[in-house]
Amino acid sequence: MAEPKTAALFFHDDAFDVTSKEIVGRRMAGLAFLKALVLHEPEPSISVYTISRVQLARLEKLVPKLAKGRRTRLKILEYIKFGRLDKLAKVGGVFRADAAIDDFAWMRRRAGATAFSITGVTHTLSSAPTQAAIADQLLAPLESWDALICTSLAARRVVENIHEEQAQYLAERVGSATSLRPRLQLPVIPLGVHCEDFDTGTKDMQLLRGQARRSYGVGAQDLCFLFVGRLTQYSKANPLPMLRALQRAAERTRRSLHLFQVGIFPKKSIETAYRDAATRYAPDVRCHFVDGNDDAAMRAARAAADVFTSLADNLQETFGLTPLEAMASGLPVVVSDWNGYRETVRDGVDGILVPTTMTPPGYGDEMALRHYARIDDYMHFAGETALNVAVDEGAAADAYVALIRDAGLRQRMGEAGRRRARETFAWERIYGLYRELWGELVERRGSAAQSRSQRPALPAHPDPFRAYRHFATRSFELSTEVALAEGVAIGAWRAMAKEPLLMLGGGYPLAESELDAIYGQLVAAGPTTVRALSELFARERRDQAIRTISWLLKADLVRLVNPTVIPDRPAPFEGDLR
């Protein structure tokens, strides 16, 4: 087994921010991962790769909140400025909390394919940008020491399907007899759960259970069902099968049932539709809507519950955290036999899986095209595809009835789920799997031949001075000499450095002190090669120093001695150019 390793964390609060009123699954998962890192990373420091120190400061504020007084060895966050590939190479790897790792692979080419490993993770796989990023993985310079972590076998199958479709297209396009295969790894590591956050067996939670049930008018013999998630028919679970199945169960068992729907309504019209549907389709079930932004209310609803249910029918879902959180709470679960749900919930052991039916292949191309062309936005696409997925209401009703009638079954399934959450999905274990994967990728990379492509790092976004070289008349090389323009004194030199028309965004290529160093060199030594001028600066500043030569020429502060004339420039039009 490979020695566990730590990767640099690519941090941008869009992947981890749950402070907005909108609950987004990928951000909740990202924050849970971040909490696992804070609590279970055995090293005292981690490297943080981010676009600015502002982002780093936000993470530094977040760390103590995630620890919540619990012991953590994590003391230092080491800042790696975006683009410092040399520092990423020292760490050996970088992790970003989404699937868009192709961009990082292209950027890595400047340092060489073996410079470091790249790891991403799947969340929603049905949006057009995510699908495009996954398709691009076939052409991106990803290697066997890179990985896209799939949170479920269902998610990996989607990724493999997109890869296969793209590979077949590319083979047809270039006339190849064999299709391409991505080099990156596709390991399956599920999302985790912080079991201690969902422990309903404590004295405090038992006390809260009694208080919550009394406050909602729940009788001693009443049963409470719990749903947690986005309260919208577009992107989680249409509530109708759940409502109608619970109504059937109430009629068959003659028991008083309550349904807690915990979440956030994206708009008032959807809230109205949900409330009307509850009255119309489940008149014998007391429905309570709980604000998903109210942590105390959510905690009370979870404490009051006897059974968790989520009849997801949406492509948005690829794993499903809420059933796992319910299992950690000791609740039996009734969920649709759908995507990652079937991989976390064992039918007949932790809960009951309800069959689903989907429209067969061959009838969704138009829907996909409309989404790709942005005629239909993502919510419309997700909602329309969900209308093509049916949950077996009869089977759901049977599952509800079985659990309503058998308290022993509820207890056995609840305890089995609690054990499974702790033994299989606890974040301490899952984070350990991440570290083992990072160690394996380091080993793979270490055994590969060291390589650095001589081709442009970004073929589709080339160096503008290469792609547009033929636009100009002349250029210069490292051996070209640069001389101070005649009559330029230090005062004029510094004044031109402050010329607004030569500034971009309030700055210029080099700092004033660095420009003064170039001036001093040219005064002391006379004409000096571009290479010698660049060597006045640290290695990471030399490219910028070389670009500054053109800036100085633009300012008419220097001149070139024997500049390079650019060959093969286009000639004037003569006749038909076709």
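Me: If buried means under 20% relative accessible area, which residues of helix 14 (residues 378-386) are buried?

Reply: In this predicted model, the buried residues of helix 14 are Tyr378, Phe381, Ala382, Gly383, Thr385 and Ala386, and what covers them includes helix 13 (365-372) and strand 14 (389-391).

Me: Why is the pair of Phe10 and Tyr49 called tilted?

Reply: The ring centres are 6.0 Å apart, where a pair needs them within 6.5 Å; the planes stand at 55°, and since stacked requires under 30 degrees and edge-to-face over 60, the pair is therefore tilted. Phe10 belongs to strand 1 (residues 8-10) and Tyr49 to strand 2 (residues 45-50), so that the pair links parts of the chain 39 residues apart, and both residues are buried.

Me: How do you know that Trp427 and Tyr434 form an aromatic pair?

Reply: Their rings lie 6.3 Å centre to centre, against a limit of 6.5 Å, and the 50° between the planes goes with a tilted pair.

Me: What makes Arg96 a charge over the ring of Phe104?

Reply: Arg96 lies over the face of Phe104 at 4.7 Å from the ring centre, and the distance required is within 6 Å; Arg108, over the face of Phe116, is at 5.9 Å.

Note on methods:
Residues are numbered from 1 along each chain as its sequence is written. This is a predicted model: local features need pLDDT of at least 70, side-chain atom pairs count only at pLDDT 80 or more; totals for chains, interfaces and linings use all residues. Side-chain values use heavy atoms; hydrogens and water are left out. Helices (H or I, at least four residues) and strands (E, at least two) are DSSP runs, numbered from the N terminus. Buried means under 20% relative accessible area, exposed over 50%, partly exposed in between (1.4 Å probe, protein chains only). A charge sits over a ring if NZ of Lys or CZ of Arg is within 6 Å of the ring centre and within 35 degrees of the ring normal. Contact means heavy atoms within 4.5 Å.
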